[in-house]
Structure formats: C-alpha cells, structure tokens
Amino acid sequence: MLDQDNYLVLWIFITGLIFCLLTALLFTRIVRSLAHRYKLTDEPDGDRKIHRKPMPNIGGVAIVGVFFVGLGYFALFRVLFSLSPDGFIQLPSIYIMLGGLVMAITGFYDDLLTLGFKKKFLLQISVALLAISGGYQIEVLQNPFTGEMVNLGFIGVPITIFVIVGIINAVNLLDGMDGLAAGVTLISFISLSAAYSLSGNYEHLVLVVVISGALLAFLRYNFNPASIFMGDTGSLFIGFLLATYALGGINSADSMLALLIPILCMGLPILDTGLAIIRRFLEKKPLFSADSDHIHHRIARRFGFTHRRTVITLYFASIFLGIMAFIMAMSDDVLKTLILCITALASYLFLRILNYVPFRLNRTMGVNIFSSIRMGKTPYKRK
C-alpha cells in the first residue's frame, strides 16, 4: 500500500503534469504570436515547403521554456516538503540541462539564420562529450553467446557519441510531417519510462513528466493542420534529451536487454535514419541532404493516405514497438527471443510493403535495396 509520502509524491507528479500541460499551451500561443509579429517564420516555396502561408518554425522555444519552468516546479515542491534529492523527484543533472540548452540554441540559430551541417555536427559531438563527462556512457556490454560482461573501456566513448548524435539526428529527420516528431518522441519517452520502471529505474521520471506534458500540449498546435512547427530548436533539444534518457538505463546487469529496450522504443526514428543513410550513400548524395523518400513519404504514396492518416499510422507503429519493449523488459529468455523474432518479422513485412526490400538490380548503382515507388511526387516534403 502507498504510504503518506508516496501519496504526496504521486500528487506532485500529477499536478506537475497538469502544470506543464497548461504552461505549454500558453507558451506555444505566445511563441506563435511573437513569431508572426517579428516575421520569424518559414516561408513556403512551392517545392519542399508546401505549407500555404508563412509558418512559425520556432515552436521548440516553447518546449524548451516549459522544460525548465517544469523542472523549477518540481524543485520548488521538493524543497517545500523537504523531499530527498535521491528519491522519486530527481532533477536531471546539470550536464543534461546544459547540453539540452546548447542544442536548443544551435537549433534556434539554424531556424533563423541557417547553420551549416558541419558546425551542427561538431556541436552535437560537443554535447555528447558533455553528457559522457556527466556519466552518460555505455561502459559494458554482455556477450550474447557466453553471457560474459565485456568492459568497453575507451571504446565506449566513440560508441556513446555515435548513439547520442545518431538519436539527435534521427529525431531531426523525423520532423517531416505535422505532429510526427512530437508524437513519436512522446510515445518513445513513455515507453522507455514504463520499461525502465519495471527494473526499478525511476531516476529521470521528472524529466519524462515535464517533456511529456510539453509535447502533448504542443501537439494541440502542431498536429495537422499545424499552426506552428517545432523547428530544429525543438528537434535537436528533444533528440538530446531522448538520447541521454535512453543511455540512463543501459548499464545494467543484463546490458544486452537494456540496450535492446531503447532500440525498440525508438525503433521508428532509428529505422528511418538508417534507411536514409544507406539510401543517400547508394545514391552518392550528402548524408545530411534532404529528400522526400522517408518512411512517412512512402506510406503516403503507397496507400494514398492523407497527412493525418500517415502520422496516425506511424503513431501505432511506435506504440507497437513500445509494447514489445515493455513485454521484453518483464519476460524470460524464451519470451524475449520470441518478441525479437516477432518484431523482426513485423519490421521486415513493413519494409517490404513499402518496397524497401527485396534487393533489385540497378545498372548505375549495382545492387539497390531502395527501388523507388514510381507513383508520382508526394505532397509532403518538409524534411
């Protein structure tokens, strides 16, 4: 049964979520109004930017604002009720807050003035190193054949950098349809927190509650038809938080399982990014170039779905992966293997339906596993 302290903590979490929701609704409206007033908008070009009127693209400022105000709310109640800093109400470390702020400023500059991908990439590596200095690093992995724990040592540093930078860019690439990045990352945060809670990892529940409240309210204005975009301000900030939160549960006794859980929870952005990298490599295009052949574009073309139906379809795909991760977190070895097989089969069928597989010969590139569906241009080309 819950004691008095646990009821107090539960009350703080519930009121904190409501506070973040209401604050995000207010902040988003304010940011949208200011963006229109000072012409901080993304102009339509009739090509990739198909919105019909100037659209505020700094909605991420509202998300960042709610994040820090929400943390202040929890910090205030922790002090008022003299709660232990090591209890359920644990605030993110200064490394996470500082790294997230750097990513938000980077994205804000890029939204307004455009920052070259090399500079953005270097800044992403910098915040990854900052997170590593704060203890967010993959240190051990389990040998799947012997069960032996392998200490990665210094090799863990570049692996961790790759993971953090990869997830940041995965979220950024996912922001190609109204409500897609906000909704999928919201599902990823909730799925991760549910899976981590099963193993007693409650370290960053405050972070999850605050960012979930901000994203849920932001979707009120970002879901199709959107009246504001999160821009790189939001996508880079959210990507960094998601990456570091995922890393927080990896170094456990069963590290292979701990590594698989975040991969499943974030399966959609990871899969889309992997396909984009391979596609651009085979087509000899810059890895950071934009195109209109992401998973959401293919779904829209393949099934003739509207914007909303495409995004909702991907929400359900993310929920499916989150449920698989949750079941895996509380399963024995046999069921874990079964879950992996089901997920792998479902992913293969998903890619096959979208014509990412099977392999097809191409005269100019040899083997190309990404034969395009020649069904005309997709109207959805924001990213």
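My entries below cover a helix, a loop residue and some salt bridges.

**Helix H2.** I kept in mind that this is a predicted model. I looked up H2, which runs over residues 60-80 and has 21 residues. From first C-alpha to last it reaches 30 Å, close to the expected 30 Å. I then checked burial along H2 and found buried residues including Gly60, Phe67, Phe74 and Arg78. Just after H2, I noted that serine 82 takes a positive phi of about 50°.

**Leucine 83.** I found leucine 83 in the loop between H2 and helix H3. Is leucine 83 buried or exposed? I count leucine 83 as buried because its relative accessible area is 18%, and the cut-off is under 20%. Leaving aside neighbours within four places in sequence, I listed its contacts as Leu8, Ile12, Phe77, Arg78 and Ile89. I also saw that leucine 83 and aspartate 5 are 78 residues apart in sequence but 8.9 Å apart in space, C-alpha to C-alpha.

**Salt bridges.** My count came to five. Lysine 120 pairs with aspartate 110, with closest N and O atoms 3.2 Å apart. That pair links helix H4 to helix H3. Aspartate 232 also forms a salt bridge with lysine 120, again at 3.2 Å. This one joins helix H8 to H4 across 112 residues. I noted relative accessible areas of 4% for aspartate 232 and 14% for lysine 120, both buried.

**A network.** I found arginine 279 and aspartate 293 meeting at 4.0 Å, N to O. Arginine 279 sits in helix H10, and aspartate 293 in the loop between H10 and helix H11. Shared partners join Arg279, Asp293, Arg298 and Arg301 into one salt-bridge network.

Technical notes: Residues numbered from 1 in each chain as written. Predicted model: local features only at pLDDT ≥ 70, side-chain atom pairs only at ≥ 80, totals over all residues. Heavy atoms only, no water. Helix = DSSP H or I, 4+ residues; strand = E, 2+ residues; numbered from the N terminus. Expected span 1.5 Å × (residues − 1). Buried < 20%, exposed > 50% of the residue type's maximum accessible area, 1.4 Å probe, protein only. Contact = heavy atoms within 4.5 Å. Salt bridge = Lys/Arg side-chain N within 4 Å of Asp/Glu carboxyl O.
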